[in-house]
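Student: I have a protein structure open on my screen and would like to learn how to read it. Could you walk me through a few features, one at a time?
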Amino acid sequence: MKITRRLEFDAGHRIPNHGSQCRNLHGHRYVLEVTLAGRRVTMHHAEDEGMVLDFSALKAIANRELVDHWDHAFLVHAEDTAVRDFLASLPNHKTVVLPLVPTVENLAQLAFETLEPHFAQAYGKRLSLHKVRLYETPNCWADFATPQRASPLDESA
């Protein structure tokens, strides 16, 4: 069984080496979908009987470990020194320095890698983080999922 919780946050970024307007400072209303896979609780009369996980517990972990950090922040690549220096000059500015260029693909990967150990620690093998989908706009998104066996498409990179 798979369950998904949707969360939203606002953040700014730029793609420093991009050839279009995305190289400029701008922001998005991101939508994050967190999908867990696991077995439903079968213990008779348990509070969460019939559930993989209460959606409020999923939301609490996702907010605490990721959304609260990225919401209303500027997501900047560690090597984007011009923007990092500018943001550092702003008193009390919420800046998140990332090891990757903040494309939606990289952000989806970072979100998965950030959340996965927290679900594993909290729930062990009973459930697992299956997939993260991050919408940059209503029409554009990236998925990052549990690694599986490589397909022929993976080798073309």
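Tutor: Let's start with a cysteine. C22 is partly exposed, with a relative accessible area of 31%. Keep in mind that this is a predicted model.

Student: How many disulfides does the count come to?

Tutor: First, the general idea: a disulfide is a covalent bond between the sulfur atoms of two cysteines. In this structure the count comes to zero disulfides.

Student: Next, charged side chains. How many salt bridges are there?

Tutor: The general idea is that side chains of opposite charge can pair when their charged atoms come close. Here the count comes to six salt bridges. One of them joins the side chains of R6 and E33, at 2.8 Å from N to O. R6 lies in strand 1 (residues 2-13) and E33 in strand 2 (residues 26-38), so this pair ties together parts that are 27 residues apart in sequence.

Student: Is E33 buried or exposed?

Tutor: E33 counts as buried, because its relative accessibility is 14% and the cut-off for buried is under 20%.

Student: Which side chain meets E8 in a salt bridge?

Tutor: That is R29, and the N to O distance is 3.0 Å. E8 sits in strand 1 and R29 in strand 2, so to speak a link between distant parts of the chain, 21 residues apart. Both ends are partly exposed: E8 has 40% relative accessibility, and R29 has 44%.

Student: What about D143 and R133?

Tutor: Their side chains also meet in a salt bridge, at 2.6 Å from N to O. This pair links D143 in strand 6 (residues 140-145) with R133 in strand 5 (residues 127-137), ten residues apart. D143 is partly exposed at 38%, whereas R133 counts as buried at 18%. Salt bridges can also share partners, and in that way E8, D10 and R29 are joined into one network.

Student: Now the strands. How do strand 3 and strand 4 pair?

Tutor: Strand 3 (residues 73-77) and strand 4 pair in the parallel sense, over four bridges. To get from strand 3 to strand 4, the chain passes through helix 2, and this β-α-β crossover is right-handed. Within the pairing, L75 stands opposite V96 in strand 4.

Student: Which residues of strand 4 are on its covered face?

Tutor: V96 and L98 make up the covered face, while T95 and V97 are on the uncovered one.

Student: Last one: which residues make the nonpolar surface patch?

Tutor: The patch is made by L25, F86 and L90, and its area is about 260 Å². To find L90 on your screen, go to the loop between helix 2 (81-88) and strand 4 (95-98). L90 is partly exposed, with a relative accessible area of 31%.

Notes. Residues are numbered from 1 along each chain as its sequence is written. This is a predicted model: local features need pLDDT of at least 70, side-chain atom pairs count only at pLDDT 80 or more; totals for chains, interfaces and linings use all residues. Side-chain values use heavy atoms; hydrogens and water are left out. A disulfide is a pair of cysteine sulfur atoms within 2.5 Å. Buried means under 20% relative accessible area, exposed over 50%, partly exposed in between (1.4 Å probe, protein chains only). Patches are made of residues with over 30% relative accessible area and no salt bridge: like charges are joined within 9 Å, nonpolar side chains (Val, Leu, Ile, Met, Phe, Trp, Tyr) within 5 Å. Accessible areas come from the Shrake-Rupley method with a 1.4 Å probe; for residues, only the protein chains shown count as cover. A salt bridge is a side-chain nitrogen of Lys or Arg within 4 Å of a carboxyl oxygen of Asp or Glu. Helices (H or I, at least four residues) and strands (E, at least two) are DSSP runs, numbered from the N terminus. Two strands pair if DSSP finds at least two bridges between them. A crossover is right-handed if, with the strands pointing away from the viewer, the path from the first strand over the helix to the second runs clockwise.
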